[in-house]
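Visitor: I'd like to learn how to read this model, one feature at a time. Could you walk me through it?

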Amino acid sequence: MKDLWGLEPVTLPEELGVLRADVRAFLADELSAGRIASHCDQWLGGWDHEFSRRLGERGWIGMAFPARYGGSASGALARFAVTEELLAAGAPVAAHWIADRQSGPGLLRFGTEEQKQEFLPRIARGECFFAAGMSEPDTGSDLASVRTRGTRVEGGWRLGGTKVWASGAHRAHAMIALARTEPRTADRHAGLTQFIIELPDPAVRIRPILLLTGEHHFNEVVFDDVFVPDARVLGEPGSGWLQVTSELAMERSGPERILSTFPLLAAAVGHLAEHGDPAGAARVGAVAGRMWALRQLSLAVAGRLEAGAAPAVEAAVVKDLGTRFESVVTDTVRLLSQVVPDPGSSLPLPRMLAESILHGPGFTLRGGTNEILRGVVAKELGVR
Amino acid sequence: MNEIISALVETVREACAAQGGLDAVTACAGGGWNAALWTALEQIGVTTISVPEEHGGAGGDVAAAVAVLKVLGESSAGVPLAETALLAGWLIAGCGATVPSGPMTAAVAGPGLRTDRQEGGLAVRGTIARVPWARHAHHVAVLDGGRVVLLSRGDFLPEQGTNLAGEPRDDLAVDAVVPPSRVHEVPAGSPISEAAFRGRAALARAALMAGAARRALELALAYAGEREQFGRPIAKFQAVQQHLAAMAGEVLLATVAVEAAALAHDTGGDADVAVAAAKVVAGQMAGVVASLAHQVHGAIGFTEEHSLRHSTTRLWAWRDEAGNEEEWSGVLGRDVMSAGSPGLWPLLTGTR
């Protein structure tokens, strides 16, 4: 339990102020020129490869990569500042999101030199997008139960199985998939391997799974005896669990776990200042205060990541508190503004309210359900 | 936390263990205080932490004071350290004067207090409501507009009252002519103001709450591990585990918020938003943690014989002192509304 209380607040270095101002100016220009529009939950829903490319040109994707792989060797805090600016503005970041957040860092940490040279510079340019292949039809929160199998063959592996909820797989250039490569033993975390599957591939069938709104982000991905050469094994065969859990620390603690509905809140403030009941200001203040605190918590975890730690439990707390908060924002705006949500509205407030409500169920599911995350915390507390 | 603060916190923790055990806490419950612990804290040199040394303080910053207050909150320590160091000491040193020795408390002069210059000093008459620890304090520093009046024991009669945890909260009946040596002008351009006073008081209460909540969580964890029902410890039930994890999350959030607010204070960041947010979050946390701690403990935690009450009554008391969640949410709400849509994000990131 000691670790949990060792988390320390972070003051962002002053030089990041310049970077932040650059990102803000760029976003203001993109928005005012109409090249992008502000929406909620854009890290799932906002696929815009042109925008990703423009970010890549400015060096704001793959920032942590060393210069020889197209990055600027900036730390976790610089990436934090850039991504939170993008999310707060409601910019379309989905195309490069998985590659930038987890696939790229995973390749950097566990990949071969050839893999790094092949993928990292393209990721950093915003030209190579990744999908994550973790969940399966019978595998959700219990990730170690994956049934996708990798079988050794001459020169590589044959993969058979099905992945689900693979966001953006229909447009991605590659997927990193977790598969069982040795029979299950008492140690259920042993014998798992991560594979890089380049897409499209004739032996990979990708079928849309539409959200309840009819939007196409999720996919079912079927590996029909797909051949993966040895050169596309990520890390050591058998050590997939360790690799995938290190991905999760990065996946769970970021500002995207707090800010999915921020564009709605920002839009609502203007509306409420004009039309709202002054008594409602305190409700907005309460939300703003909690957001401030959650951001400090998320930043503190980024500080630990920057220092090379893997703060998995703290990350689980950020995700649990942050994602429940995202829907508190939605409800606060809904009740105070008394605007009727309308996905087809030309006005931002009814439209973003609709986006926040309709995307809401996903907030507390993606990246591990909140119940499972509280289980992670309980284990750290020594009661599980 | 740097090594100096870590070492200091450890020393304070040891002093609390030695002088502030359960018997001492229980003995304080009816408006008392822990004089032995105060003496130990004076010997450690933390009773005026964050007050500059050139004004007779112990030095250090607000972050260090907050770190100490968390330990005191954890221990339900009956000592006026927040009032002495972060409020009275700050007011006196901020006027360029030297802080006197001994426990102090502080208040803002409300409409119930009248002051008039007269021969021999400043005549101070009237009442001040709910001053923490007043009956045990050697001095009360009163912020009266542009001056700080240092009341001594004989200058007032404390009408004794307490908060939910039995900590002294006395109404003062003041009738004194305070000599010029104890009346200090607030220098021009000073950060001292009623709003700043309120903010520091709120930050102190939030820090104490972070500590008290940590103790409530630890008690709940220990109890859930011991108490068996249906043939196993109740900690083995997922519903109980979820309660404990939810408590830990709230405590962690409030703790980081309080520390970040202290850091904002010390580094010249946007401390107004930070302190308001920290008090809002700590107040929300206090309610959640106290209620879950009691739920996990069952009926025994609801009794006088169980020590959980020391932590939970403090959480309930402190969340309403120095402005509750609603008051500070209102402060933030006004800031947010005047910032407007484009100003909200810069407000929250401190990059206005």
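Predicted model: local features only at pLDDT ≥ 70, side-chain atom pairs only at ≥ 80, totals over all residues.

Visitor: How many residues of domain 1 of chain B are in contact with domain 2 of chain B?

Guide: Two residues are in contact if their C-beta atoms, placed from the backbone, lie within 7 Å. By that rule, 23 residues of domain 1 of chain B meet 28 residues of domain 2 of chain B. On the domain 1 side, α2 (22–28), α4 (62–74) and α5 (81–94) of chain B each supply at least two residues; helices here are DSSP runs (H or I, at least four residues) and strands are too (E, at least two), numbered from the N terminus. With nine residues, α4(B) gives the most to that side.

Visitor: What is the side of domain 1 of chain B that touches domain 2 of chain B made of, by class?

Guide: Ala, Val, Leu, Ile, Met, Phe, Trp, Tyr, Cys and Pro count as nonpolar, Asp, Glu, Lys and Arg as charged, and the others, Gly among them, as polar. That side of domain 1 of chain B has 16 nonpolar, three polar and four charged residues.

Visitor: Now for sheets. What is the strand order of the open sheet in chain B?

Guide: Strands of a sheet pair through backbone hydrogen bonds, either parallel or antiparallel. Here two strands pair if DSSP finds at least two bridges between them. The open sheet in chain B has four strands in the order β1-β4-β5-β8, with mixed pairing. Its edge strands, each pairing on one side only, are β1 (104–108) and β8 (183–185) of chain B.

Visitor: Which way do the neighbours in that sheet run, starting with β1(B) and β4 of chain B?

Guide: β1(B) and β4 (residues 139–144) of chain B run parallel, joined by five bridges; A107(B) has V142(B) as its bridge partner in β4(B). Next, β4(B) and β5(B) are antiparallel, with six bridges, and V140(B) stands opposite L151(B) in β5(B). Their hairpin has two residues between the strands, and G145(B) takes a positive phi near 60° there. Finally, three bridges join β5(B) to β8(B), again antiparallel, with V148(B) opposite H184(B) in β8(B).

Visitor: On to the pair of chains. How many residues does each of chain B and chain A put into the contact?

Guide: Chain B puts in 44 residues and chain A 41. On the chain B side, the elements giving two or more residues are α6 (194–226), α7 (238–266), α8 (271–297) and α10 (325–349) of chain B. Of these, α10(B) gives the most, with 16 residues. By class, the chain B side counts 29 nonpolar, 11 polar and four charged residues.

Visitor: And chain A: which domains does its assignment give?

Guide: Chain A has domain 1 (3–128), domain 2 (132–239) and domain 3 (253–380). The C-alpha centres of domain 1 and domain 2 of chain A are separated by 25 Å, and 15 residues of domain 1 of chain A are in contact with 12 residues of domain 2 of chain A. On that side of domain 1, α5(A) supplies the largest share, eight residues.

Visitor: How do the axes of α8 and α10 of chain A cross?

Guide: Two packed helices are described by the angle between their axes and the distance between the axes. The axes of α8 (residues 262–275) and α10 (residues 312–337) of chain A come within 10 Å and cross at roughly 20°. Axes are lines fitted to C-alpha atoms, for helices over the stretch in contact, and angles run from 0 to 180 degrees between N-to-C directions. So α8(A) is roughly parallel to α10(A), a label for angles under 35 degrees.

Methods
Residues numbered from 1 in each chain as written. Chains lettered and ligands numbered in written order. Domains from an automatic or database assignment. Parallel < 35°, antiparallel > 145°, perpendicular 65-115°, else oblique.
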